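Trainee: I have a structure to read. Where do I start?

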Amino acid sequence: MLPIAIDRGSRLSMTAQIQSAIRGRIQDGTLHPGVRLPSSRDLAGDLGVSRSVVVQAYEQLIAEGYLRATQGSGTRVATHLPHLGRAADEPEDGGSDARPEDGACDARFDLRADATSTAFFPSREWLQAYEHVGRSIGGPGPRRHPLGVPELRTELAAYLGRSRGVLSCAAEVAVTADFDHTIGVVFHALRELGVDRVALENPGPPWQVRLAEHAGLWVTGVPVDGEGIDVEALARSGARAVLVTPVSQVPTGVVLSQARREALLRWADEVDGWIVEYDRDGHLWFGAGSGPLALQRHRPDRVVHVGATGVLLGPVVRLGWVVAPPAVADRLGRLRLGAPDPLTQLTFAHFVSTGVLDQHVRRVRGVLRSRRAALREAVERHLPRARLTGAPAGTHAYLRLPDGVDDVRLAALARERSVLVHPGRHFQPARRPSAPGAVIGYGAVRSGLLPEAVGVLAAAMCQVSRLLAS
């Protein structure tokens, strides 16, 4: 239903009245992004007008970018709307701060750093595991535990030890929701332990700042270079806790060097501090050798190890974990961890114990290796003046752009061409100017489509260069 008043005595045509009504409701927020509208036949019947009147109104709003029509899905309000309330001289950000999983995306190519796809979800194997768990439950069924069901905590401790070198037992493992919530509860636990300031990698994801501030922590940025976080700068920051991504840091893609690992552990001892290790892509290493193991194995009393299923399983299953020293784990047990329901936890435990997760990780590694190779070839062909950097792991790479290129404008122009990409400035505090770059995520775009997506970026960069020259 879409109530619209038609004034048959108005000088405006009925088509124009329908257009104006729908456009106005989108602009004032009454019609939310992604909302499905009535079919042209149904709306015409409701309003008492011919179907052609509604079809023309819909077509014009689609052309303006307010609506989108998809075969089998009907007509919906566009997810990314044209300049709603934005001043004419205010540039688009080139990408929302929101996590890609938080809402639908109608862009053709989503190259944002954390974009994932349901294509990675092993639906057949997951349903088999879920069915097995359902048949095996007897009596009163599984009960909730403040840190997660014991079966999953036991399996995670064993799996993380085998695959990532994590030293832990089930009592030190907490099951959580997605990464955002996981880091949030860890920050709250550290706050209870007397930490008042946390250091974050700079550049780094802006939503990490919000999570820390929400937990009541002061935030300080610490530079990242070709070896990872600058530990000397960290020591000068006054922080007693730091969040690091040792493998494939976001956005640079660098790997924390061995020398920096050792220096970071020494820093934690010297300041009686905590290291929060987000092992985002450690299990998705597809370079030479097996890749670096978890930092936690060297100092399990100082390092809080955090992981999640987001990259592996896509947005379908929101499940994370924390391996924490007893002092942190005790406080986590008193916080709302947001863990999935017990059936989902038991299903994932079965998924791990039967070796299905290992098989799935191998498949995903192969897919990502192919995508990264396709991305590199596409960049060399379409963007010869740019350079792709970052570790051979995970779902993103960093694209260093030629000097003088406005990466924010590039991202805005790419977005107009249905390509979402984060400019380098997106990861800078307060969007301060930096060396031009873009973060290219390939978690949601197939290998065969990456050349076309990069071609769109190349066209956008040519337009940026022309604007600069003029």
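Mentor: Start with burial. Buried means under 20% relative accessible area, exposed means over 50%, and partly exposed lies in between (1.4 Å probe, protein chains only). Helices (H or I, at least four residues) and strands (E, at least two) are DSSP runs, numbered from the N terminus. This is a predicted model: local features need pLDDT of at least 70, side-chain atom pairs count only at pLDDT 80 or more, and totals for chains, interfaces and linings use all residues. Residues are numbered from 1 along each chain as its sequence is written, and side-chain values use heavy atoms, with hydrogens and water left out.

Trainee: Which residues of helix H7 are buried?

Mentor: H7 covers residues 206–214, and Pro206, Trp207, Gln208, Leu211 and Ala212 are buried there. Contact means heavy atoms within 4.5 Å. The buried residues of H7 pack against H6, S5, S6 and S8. Gly216 follows H7, with a positive phi near 85 degrees.

Trainee: Why does spacing along a helix matter for direction?

Mentor: An α-helix has 3.6 residues a turn, so residues three or four places apart point the same way. Now take helix H5, residues 150–164. Its buried residues include Leu152, Leu156 and Leu160. The buried residues of H5 pack against S4, S11, helix H12 (342–353) and helix H13 (356–382). Just after H5, Gly165 has a positive phi of about 75 degrees.

Trainee: What span should H5 have?

Mentor: The expected span is 1.5 Å times one less than the number of residues. The 15 residues of H5 should span 21 Å; the end C-alpha atoms are 20 Å apart, which agrees.

Trainee: How many strands form the open sheet, and in what order?

Mentor: Two strands pair if DSSP finds at least two bridges between them. Here 8 strands form an open sheet, ordered S4-S11-S10-S9-S8-S5-S6-S7, with mixed pairing. Strands S4 (173–176) and S7 (228–229) stand at the edges with a single partner strand each, so one side of each has no neighbour in the sheet. S6 (residues 218–225) pairs with S7 in the antiparallel sense over 2 bridges. Val224 has Ile229 in S7 as its bridge partner.

Trainee: At what angle does helix H6 run to S10?

Mentor: Axes are lines fitted to C-alpha atoms, for helices over the stretch in contact, and angles run from 0 to 180 degrees between N-to-C directions. H6 (residues 179–192) runs at about 160 degrees to S10. H6 lies across several strands, including S4, S5 and S11.

Trainee: How is a pair of aromatic rings described?

Mentor: By the distance of the centres and the angle of the planes. Rings of Phe, Tyr and Trp (its six-membered ring) pair if their centres lie within 6.5 Å; planes under 30 degrees apart are stacked, over 60 edge-to-face, and the rest tilted. This structure holds 4 aromatic pairs. One of them, Phe121 with Trp126, is tilted, at 5.9 Å centre to centre and 55 degrees between the planes. Phe121 is buried at 17% relative accessibility, and Trp126 is buried at 8%. Ring pairs link Phe121, Trp126, Trp321, Phe348 and Phe351 into a cluster.

Trainee: Which residues does Gln345 touch?

Mentor: Gln345 sits in helix H12 and is buried, at 3% relative accessibility. Not counting residues up to four places away in sequence, Gln345 touches Gly148, Val149, Leu152, Val175, Ala339 and Pro340.

Trainee: Is Pro384 buried or exposed?

Mentor: Pro384 is exposed, with a relative accessible area of 61%. Pro384 is in the loop between H13 and strand S12 (387–389).
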